[in-house]
Amino acid sequence: MAEQKEYRVPQHVAIIMDGNGRWAKKRFLPRNAGHAQGSRVAEQICEDAYNLGIKYLTIYAFSTENWVRPKEEVDALMNLLRKYMKDSIERSGKNNMRVRVIGDIRRLDEDLQQSIRRLEEVSADNTGLCFQVAINYGGRDEILRAAKRMARDAADGKICPEELTEEQFYGYFDTEGIPYPDLMIRTSGECRTSNFLPWQLAYSEFYFTDVLWPDFNKKELQKAIEYYNHRDRRFGGV
């Protein structure tokens, strides 16, 4: 009998939650109904991911490019994020979940910034799932902001650019201290990363599914992990 490979659960899963609008359109509902359902699915997937043994989960909630959407939709998304952040304060304590927001939150309204800081503060010592939410996040923007911070430190004599390592540079990123994703999932059939974690995803496995995000569930997450288990991760080696 052939030796059975050990089943591997990815330590860090990143998800591009795509298809909320199309899900709503198929049901003759406003796009905002799709976003609301997508938010509920995100809550459930956090629980499912932790129960499956995943330690880090990062979701793409709102990108730097999403501001060009109609104002009505953007306003609805911001209100949904407000509710999500406030509800997450209680949820994070109940589920022992540490929540961290990545992205440039300075463009967000002050009340939303305060909710984010409060959530990060109250969940900082939790030891369960490490949950990262990307809000006003763009990968190129993150790299640029990291480079600017590094340049300021170099100008102040805090670092020597010639001696800078990849690990030290990563310390300037929003995701500093978080391991790179092992698996990236994108729903709704689109096959691109859309400026999501370009530095961090350099050696991640990509899983694309036609399932719309509001229809994504534990079974679909398990399918993605099964796909991951069939990948041979060599990281440039043989």
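**View 1. Ala 14 and its bridge partner Thr 58 in strand β2.** Strands and helices are DSSP runs numbered from the N terminus, with at least two residues (E) for a strand and at least four (H or I) for a helix. The model is predicted: local features need pLDDT of at least 70, side-chain atom pairs count only at pLDDT 80 or more, and totals for chains, interfaces and linings use all residues. Residues are numbered from 1 along each chain as its sequence is written, and side-chain values use heavy atoms, with hydrogens and water left out. Strand β1 (residues 12-16) runs parallel to β2, joined by five bridges; two strands pair if DSSP finds at least two bridges between them.

**View 2. Strand β2 (residues 56-63) and strand β4 (residues 130-137).** Seven bridges link β2 and β4 in the parallel sense. Tyr 56 stands opposite Cys 130 of β4. Because seven of its eight residues are buried, β2 is largely enclosed by the rest of the structure. Buried means under 20% relative accessible area, exposed over 50%, and partly exposed in between (1.4 Å probe, protein chains only).

**View 3. Helix α2 and its surroundings.** The 22 residues of α2 reach 31 Å from first C-alpha to last, close to the 32 Å expected at 1.5 Å a residue; the expected span is 1.5 Å times one less than the number of residues. Its buried residues, including His 35, Val 41 and Ile 45, pack against β1, α1 (20-26), β2, α3 (71-95), β4 and α7, where contact means heavy atoms within 4.5 Å. Gly 53 follows α2 and has a positive phi, near 105 degrees.
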